[in-house]
Amino acid sequence: MIPTGNSKPNIERFLGFQDDYDRYRPEAPPIVTELLATYLGRRPSLVADVGCGTGLSTFLWKDAADRVTGVEPNPDMLGKALDKLRLLENPPQSLSFVQGFSNQLPFLPDSVDIITCSQSFHWMDPTSTLREISRCLRPGGVFAAYDCDWPLVLQPAIEARYNQLISTSDNLLAGLQPAAEQAHKWDKEGHLGRIKASGEFSYAREIVFHNTENCDAQRYVGLALSQGGIQTVLKLAPSALTQDIAGFSADVEQYFQGRTLPMLISYRMRVGVK
């Protein structure tokens with residue numbers, strides 16, 4: 001049963017491609033734990049990573065907090081996170097994953113030090129989610145919604161082709177899905193304003209930082225194909241994007257020429273302190 005205020009299409013948008021998502025998406029960089037622990041003023045005893053997906057933003061906390069819980073509504077994404085946890089040589093007792101929803105979290109009032117939403121807050125109803133996050137945070141606790149910029153920095157013509165591929169998939173979806181079945185996301189640029197307007201936080205600001213990960217042609221193409229809109233088109237009309245994907249892939253492969261290169265990843269984090 002999905003609680004009121006949650007979108008079934010938003011949750012189901014990420015069904016069925018958890019392996020590719022986990023393989024190609026960026027991992028959350030260690031600077032996240034450093035920044036948020038500094039804002040908290042101490043080592044966190046409990047961190048909640050809400051909308052944690054396959055755990056790419058959860059595992060980095062395993063040595064940076066006494067306990068960390070990833071919360072995810074999508075069963076496929078959650079299953080991948082649990083599989084990764086089981087495969088660890090010595091799975092830490094302090095790290096766990098549970099199925100749950102952003103506006104109905106499994107935490108007591110005033111019990112969580114830090115709550116994060118990595119690449120996920122734009123899929124959540126902001127009003128009910130921020131109210132619930134405030135309920136769970138201790139006084140002085142920190143909420144952070146952070147996202148990387150798409151596409152990753154590469155080369156203007158290829159980035160433009162990436163944007164065109166995303167736009168084409170969005171236009172196709174408008175014709176392939178009834179409006180009631182389409183996913184809805186809130187604009188990321190509005191995150192900070194919504195955090196401030198909620199009245200739940202004593203201080204709020206935006207922090208910008210960067211990270212570098214290695215990337216080859218397969219990964220750069222995989223990052224594009226891991227976007228939910230493209231995956232939804234591929235499920236509904238498998239051949240609709242064949243030519244677009246082939247052209248994009250050829251340009252990317254021509255650029256990389258078999259090389260693995262350092263790739264700049266830019267992040268924008270919107271922070272609220274209770």
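Select Y162, Y220, F248, Y255 and F256: these residues form one aromatic cluster. Rings of Phe, Tyr and Trp (its six-membered ring) count as a pair if their centres lie within 6.5 Å; planes under 30 degrees apart are called stacked, over 60 edge-to-face and the rest tilted. The model is predicted, with pLDDT of at least 70 required for local features and 80 or more for side-chain atom pairs, while totals for chains, interfaces and linings use all residues. Residues are numbered from 1 along each chain as its sequence is written, and side-chain values use heavy atoms, with hydrogens and water left out.

Y220 and F256 make a tilted aromatic pair, with 6.3 Å centre to centre and 45° between the planes. Y220 belongs to helix 8 (residues 217–225) and F256 to helix 10 (residues 242–256), so the pair ties together parts 36 residues apart in sequence. Helices (H or I, at least four residues) and strands (E, at least two) are DSSP runs, numbered from the N terminus. Y220 has a relative accessible area of 2% and is buried; F256, at 0%, is buried as well.

The charged end of R259 sits over the ring of Y255, 5.8 Å from its centre. The criterion is NZ of Lys or CZ of Arg within 6 Å of the ring centre and within 35 degrees of the ring normal. Then select R23 and Y24: R23 lies over the face of Y24, at 5.7 Å from the ring centre.

Next, the aromatic pairs. The structure holds twelve of them. One is F59 with F97, which is tilted, at 5.5 Å centre to centre and 45° between the planes. This pair links distant parts of the chain, 38 residues apart: F59 is in the loop between strand 1 (46–50) and strand 2 (67–72), and F97 is in strand 3 (residues 95–99).

Finish with the cysteines C52, C117 and C136. How many disulfides does the structure hold? There are zero, a disulfide being a pair of cysteine sulfur atoms within 2.5 Å. For C52, the closest cysteine sulfur is in C117, 10 Å away, which is too far for a bond. For C136, the closest is also in C117, at 11 Å, again too far. C52 is buried, at 4% relative accessibility, and C136 is buried with a relative accessible area of 0%.

Technical notes: Buried means under 20% relative accessible area, exposed over 50%, partly exposed in between (1.4 Å probe, protein chains only).
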